[in-house]
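This report describes the surroundings of a ligand, the nonpolar cores and selected residues of one protein model.

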Amino acid sequence: MRRKEKAMSTEELFEKAREAALFAYAPYSGFRVGAALIADDGSVWTGCNVENRSFGLTVCAERNAVFQAVAKGRRLFTAIAIATLDSESPVGPCGACRQVLSEFMGVDAVVFFGGTGAERVTTTIGQLYPFDSLHELAR
Ligand code: THU
């Protein structure tokens, strides 16, 4: 019989985000970000920020992770960890990413983020993006 996998801790997920940030393409800002998502089947999906010389085309780590997972058939995520390698303190997801995350996460899904220091922020998408129309309609 297959042993049930132990659920990944937020710190373990954060470590995956940190590893993903090493692939960031951020020559313009010098600000490397990684994100790691857990899907409802337990699979983990990562992304990094990818910048462009036409600055507005930059894609954040969080949206990159979501799009990679959705492109492989996952549509519901229970947690995301976000790691920045170039800030000591935690940096939360931008407004555009909060909107995209809310499309594929329930209000109570965990958002966990940190920088190179010891400080971590643990919150939920419902707290970061309150009164979202999709979440409100689901109530
Ligand atoms: N960035 C992310 O990837 N995620 C965030 O949560 C904050 C910002 C990226 C966008 C850009 O490449 C760089 O960080 C500086 O803003």
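## Ligand site

An oxygen atom of the ligand lies 2.5 Å from an N or O atom in the side chain of Glu51. For Glu62, an N or O atom of the side chain is likewise 2.5 Å from an oxygen atom of the ligand. A polar backbone atom of Ala61 is 2.9 Å from a ligand oxygen atom. Taken alone, the ligand exposes 370 Å², of which the protein buries 79% (accessible areas come from the Shrake-Rupley method with a 1.4 Å probe; for residues, only the protein chains shown count as cover).

The ligand is surrounded by Ser29, Phe31, Val33, Asn49, Glu51, Thr58, Cys60, Ala61, Glu62, Gly92, Pro93 and Cys94 (each has a heavy atom within 4 Å of the ligand). This shell divides into six nonpolar, four polar and two charged residues (Ala, Val, Leu, Ile, Met, Phe, Trp, Tyr, Cys and Pro count as nonpolar, Asp, Glu, Lys and Arg as charged, and the others, Gly among them, as polar).

## Basis of the model

The model is predicted: local features need pLDDT of at least 70 and side-chain atom pairs count only at pLDDT 80 or more, while totals for chains, interfaces and linings use all residues. Residues are numbered from 1 along each chain as its sequence is written, and side-chain values use heavy atoms, with hydrogens and water left out.

Helix α2 is mostly covered, with seven of its 10 residues buried (buried means under 20% relative accessible area, exposed over 50%, partly exposed in between, with a 1.4 Å probe and protein chains only; helices, H or I of at least four residues, and strands, E of at least two, are DSSP runs numbered from the N terminus). The buried residues of α2 are Ala61, Glu62, Arg63, Asn64, Ala65, Val66 and Ala69. Their cover includes β1, β2 (44-48), β3 and α3.

In α3, Cys97, Val100, Leu101, Ser102 and Phe104 are buried. The buried residues of α3 pack against β1, α2, β3, β4, α4 and α5 (133-137) (contact means heavy atoms within 4.5 Å).

## Nonpolar cores

In the largest nonpolar core, which has 21 residues, Leu37, Phe77, Ile80, Leu101, Met105 and Val111 touch the most other members (such a core is a set of buried Ala, Val, Leu, Ile, Met, Phe, Trp, Tyr and Cys residues joined through side-chain atoms within 4.5 Å). Two or more residues of this core come from each of β1 (33-39), α2 (61-70), β3 (77-84), α3 (95-104), β4 (105-114) and α4 (125-128).

Apart from neighbours within four places in sequence, Met105 is in contact with Leu37, Phe77, Thr78, Ala79, Ile80, Val110, Ile125 and His135. A second, separate core of nine residues includes Leu13, Ala17, Ala36 and Ile38.

## Selected residues

Thr123 is found in strand β5 (residues 120-124) and is buried, with a relative accessible area of 12%. The side chains of Thr123 and Gln127 are joined by a polar contact of 2.9 Å (a pair of N or O atoms within 3.5 Å; within protein, one must be able to donate a hydrogen and the other to accept it, and residues adjacent in sequence count only if both atoms are side-chain atoms). Not counting residues up to four places away in sequence, Thr123 touches Ala109, Val110, Val111, Phe113 and Leu128.

Lys16, in helix α1 (residues 10-21), is partly exposed at a relative accessible area of 35%. Lys72, in the loop between α2 and β3, counts as exposed at 57% relative accessibility.
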